[in-house]
Amino acid sequence: MVDYSAVQQAVIDGDDEKTVQLVKEALEQDLNPADIVASGLQAAMSIVGSKFSSGEFFVPEMLLAARAVTKALEVLRPRLLDPGTVTIGRVVIGTVAGDIHDIGKNLVSMFLQGAGFEVIDLGTDVSAQSFVAAVKEHNPDILGMSALLTTTMPGMQATIEALESAGIRRQVKVVVGGGPVTQHFADRIGADGYGADGGAAIELCRKLIKE
Ligand code: B12
């Protein structure tokens, strides 16, 4: 039986082959894909972050761990998506300017797609102007922004201000998330919602679509 600490250790070791192999085994053993993400991959990334903070890990170790998680997510992707789901809304999502962290955003995209949202992913390092252009082009119900750095969080506020300047703030709901982002921050910058993880993002977007 695959246990989640083994998955975590493979990610921490930056061993992508082992991570993928353990995730495949976990799926064969009928473990829940969302649990594999939360208790295996995501838990490992928290540990990697702590090791970076304490000076035990540097950027290369973070990169190897990120690569292992990204490869594992490709294996999990089909299991997180349900091809039979009816589209319930459109979401444009991206990581804000100056920030290249994309694992959390990709996960949220997958969870939302799995729940029936059409997701247009703008990638990372997305400027306020690019978010505004994408809202004009795709006319989404929801705009999602991700930030993992305290220094890039202001990009969320800048985007909301740019939506206001363009006169389109009221035509889209804005949701935010990412490591340093909080409900308090979301309220302060005038976002419509904050989600702590993929599951919360689904609940939040479903609620906002109904409003
Ligand atoms: C992997 C990683 C990297 C990788 C990123 C690879 C990639 N493709 O993403 C690399 C090596 C490139 C990297 C670089 C850097 N990193 Co880094 N990184 C991490 C690490 C270890 C994991 C991030 C991660 O993937 N977590 C797992 C995912 C699943 O979690 P998540 O992103 O939080 O997403 C979840 C929720 O937040 C939420 N969510 C996320 N987005 C959204 C959006 C919406 C709309 C919603 C509703 C919800 C939501 O749902 C997600 C799923 O549950 C974190 C540590 C940590 N604790 O987060 C540091 C961390 C974020 N990095 C940090 C730093 C300092 C850096 C660098 C500045 C290091 C350097 N000196 O160069 C650079 C900056 C590069 C840049 N310009 O962006 C710091 C940030 C400190 C701070 N407070 O600002 C952290 C916290 C590490 C630490 N403890 O110090 N990093």
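## Exercises: a ligand shell and a parallel sheet

Helix 3 contributes the most to the shell around the ligand, with seven residues. The model is predicted.

**Exercise 1.** Describe the shell around the ligand: its residues, its elements and its domains.

*Solution.* 
- Step 1. Start with the count. The ligand is surrounded by 37 residues. The closest are Gly49, Gly104, Ser146, Gly177 and Gly195.
- Step 2. The shell splits into 18 nonpolar, 15 polar and four charged residues.
- Step 3. Assign elements. Two or more shell residues come from each of helix 3 (33-53), helix 4 (59-80), helix 5 (103-114), strand 3, strand 4 and helix 9.
- Step 4. Assign domains. Domain 1 (4-80) and domain 2 (89-210) each supply at least three shell residues.

**Exercise 2.** In what order do the five strands of the open sheet lie, and which strands are at the edges?

*Solution.* 
- Step 1. Read the order: 2-1-3-4-5, with parallel pairing.
- Step 2. Find the edges. Strand 2 (117-121) and strand 5 (193-194) each pair on one side only.
- Step 3. Check one pair. Strand 1 (residues 89-95) and strand 3 (residues 142-146) run parallel, joined by five bridges.
- Step 4. Ile93 sits opposite Gly144 in strand 3.

**Exercise 3.** Which strands do helix 6 and helix 9 lie across, and at what angles do they run?

*Solution.* 
- Step 1. Take helix 6 (residues 128-138). Strand 1, strand 2 and strand 3 lie across from this helix, which runs at about 165° to strand 1.
- Step 2. Take helix 9 (residues 198-210). This helix lies across strand 1, strand 2, strand 3, strand 4 (173-177) and strand 5. Helix 9 runs at about 170° to strand 4.
- Step 3. Helix 9 and strand 4 each give two or more residues to the shell.

Notes
Residues numbered from 1 in each chain as written. Predicted model: local features only at pLDDT ≥ 70, side-chain atom pairs only at ≥ 80, totals over all residues. Pairing = 2+ DSSP bridges. Helix = DSSP H or I, 4+ residues; strand = E, 2+ residues; numbered from the N terminus. Contact = placed C-beta atoms within 7 Å. Axes fitted to C-alpha atoms, helices over the stretch in contact; angles between N-to-C directions. Near = placed C-beta within 6 Å. Nonpolar A, V, L, I, M, F, W, Y, C, P; charged D, E, K, R; others polar. Domains from an automatic or database assignment.
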